[in-house]
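I am opening a notebook on a structure that is new to me, and I want to write down what I look up, one topic at a time.

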Amino acid sequence: MTIYDAIVIGGGPAGAASALFLAERGHRVALLDQARFPRDKVCGEFISPAADPILQRLGILAQIESASPVRLRGVAVSSYETVGIAVDYPDHPGLASPVTSLSFPRRGFDHLLIQRARERGIEVMEGFKVTDFIFDNNLIAGVRGRDEANASFDFRSRMVIDAGGRNAIAVRRLGLKRPAAGGMKVAFAAHWEGAAFAEPYCYMHISPPGYTGTALVARGLANVVLVVDRPPAASGNGMDEFYRCAVLGNRLRREMLDGAQPAERVRTVESLAFTVDPPAVGGLVLVGDATGFIDPFTGEGIYLSLRSAELAAGVIDEALRSGDVSRSALARYDRLRRSEFRHKFILSKILQKLIYTPSLSNRVIGVLSRHPRLAELLVGVIGDYVPADRVVCWGFLGKLLAVALSGRRNESHSPVMREGIRFLARNG
């Protein structure tokens, strides 16, 4: 029986990157996915500027560039059709100037990663659905499931990496998922044909019933993702109508998409925000969305998946070489991940409080439009290449809120201000 060094569940960015980083270190890796590639996923299709060096290390940046991807020069945000700002990414050492982000169809991106995995000698198994783990005392020692012909399989390995996203088998089998505060959010996504934007930005529009992220992913083709707090009581054509009406209900979006039409039925994904407890067993590591998911307003999902895979591969490599894949040996990965992403998660929570309070959202966007250095710093953090602790601190948020709230009586006691203070007090 073949015993792999590592089995990876899920062929998305986190899973494929984990497999590639481990194969690069000389480990024998199998990558399983229940789908066949290329396949679609609901996604903002936005890849942060900080991902470029990781894509280079994975060996696929050249292939992406050869496909003539859309390069975005920054972020444009409008608040309740009242005030808006467009901010270019600030230059940064180690990144090409001018700094840009990628807007690239997820279908093609994942397919390139899978192709690269095959080139690197990784055993890619499509149509293989993992339904359970193989346990050996308090260690996970492999996976079992069924292929697309309904034939059962058992594969043994020294390590298992679950990159199965929000529905990861580890999250369900081990009861690790916890809903995040703030209730359920739902994303609706569709590509629109005939779109032509004046400037290459990622456009964020905040207005009831939620917000949208919009960007060109190819010439004449835009990805429009709508995120709302609660799903409508509709299905089928009703969901398409709700999505279309909500998107075009915003005047700025309506002007941007003038002449464009949805090119497909709307797709949805629920329970966007949740947290996940670390697994209490050895031989298992979770990467990407399987570790939890925050509201996608700051658009870092793919970068977080790639970076978490890189962190995990380093720890797993050491564990495999030492022969110790116990829970305590692998716990260093969770510490590294929390340390690196902690402030970004705090920022996301603060922004969620802000964007759903119209008066404060308008004021903060107005302040950023008048203070370009503050705006550039925030956009650099959203782009994942400026450390988030540069803005999740008393200096930045205190100045931003002080200017935004100046002249307003008792505003320091507002729920949003109190919540921001609590975040900073708890997290430094």
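**Salt bridges**

I began with charged side chains and found that Arg57, Arg307, Glu310 and Glu340 are linked in a network of salt bridges. I keep in mind that this is a predicted model, and I noted that the count of salt bridges comes to 28.

I then looked up Arg36, which forms a salt bridge with Glu148, their closest N and O atoms being 2.7 Å apart. Arg36 lies in the loop between β2 (29-33) and β3, while Glu148 lies in the loop between β10 (139-147) and β11 (152-162), so the pair ties together parts that are 112 residues apart in sequence. I recorded Arg36 as partly exposed, with a relative accessible area of 46%, and Glu148 as exposed, at 54%.

In helix α8 (residues 301-322), Asp317 and Arg321 are 4 residues apart, about one turn of the helix, and their closest N and O atoms are 2.8 Å apart. I found Asp317 buried, at 11% relative accessibility, whereas Arg321 is exposed, with a relative accessible area of 57%. In helix α4 (residues 106-119), Glu119 and Arg116 are 3 residues apart and are thus separated by about one helical turn; the closest N and O atoms of this salt bridge are 3.4 Å apart. Glu119 counts as exposed, at 54% relative accessibility.

**Aromatic rings**

Phe133 and Phe135 form an edge-to-face pair, with 6.3 Å from centre to centre and 85 degrees between the planes. Phe133 is buried, at 1% relative accessibility, while Phe135 is partly exposed, at 34%. I also noted one aromatic cluster, formed by Tyr4, Phe128, Phe153 and Phe155.

I followed an open sheet of 3 strands in the order β3-β7-β4, with antiparallel pairing. Its edge strands are β3 (46-47) and β4 (70-72), each of which pairs on one side only. Between β4 and strand β7 (residues 101-103) I found 3 bridges, and Leu72 has Ser101 in β7 as its bridge partner.

Another open sheet of 3 strands runs in the order β12-β19-β21, and its pairing is antiparallel. Here β12 (177-179) and β21 (292-293) stand at the edges with a single partner strand each, so one side of each is left without a neighbour in the sheet. Strand β19 (residues 274-276) pairs with β21 over 2 bridges, and Thr275 stands opposite Gly292 in β21.

**Buried places**

Is Ser207 buried or exposed? I found that Ser207 is buried, with a relative accessible area of 5%, and that its place is in strand β14 (residues 201-207). Leaving aside residues up to four places away in sequence, Ser207 touches Tyr80, Asn250 and Arg253, and its side chain makes a polar contact of 2.9 Å with the side chain of Asn250.

I also checked helix α11 (residues 372-382), in which 8 of the 11 residues are buried, so the helix is largely enclosed by the rest of the structure. Among the buried residues of α11 are Leu374, Leu378 and Ile382.

**Confidence**

Lastly I noted that the protein averages a pLDDT of 89, with 90% of the residues scoring at least 70. Over residues 409-414 the pLDDT is below 50, and this stretch has 5 contacts in the model beyond near neighbours in sequence. Where pLDDT is low, the predicted coordinates should not be read in detail.

Definitions and conventions. Residues are numbered from 1 along each chain as its sequence is written. This is a predicted model: local features need pLDDT of at least 70, side-chain atom pairs count only at pLDDT 80 or more; totals for chains, interfaces and linings use all residues. Side-chain values use heavy atoms; hydrogens and water are left out. Buried means under 20% relative accessible area, exposed over 50%, partly exposed in between (1.4 Å probe, protein chains only). A polar contact is a pair of N or O atoms within 3.5 Å; within protein, one must be able to donate a hydrogen and the other to accept it, and residues adjacent in sequence count only if both atoms are side-chain atoms. Contact means heavy atoms within 4.5 Å. Rings of Phe, Tyr and Trp (its six-membered ring) pair if their centres lie within 6.5 Å; planes under 30 degrees apart count as stacked, over 60 as edge-to-face and the rest as tilted. Two strands pair if DSSP finds at least two bridges between them. pLDDT is the predictor's confidence in each residue, from 0 to 100. A salt bridge is a side-chain nitrogen of Lys or Arg within 4 Å of a carboxyl oxygen of Asp or Glu.
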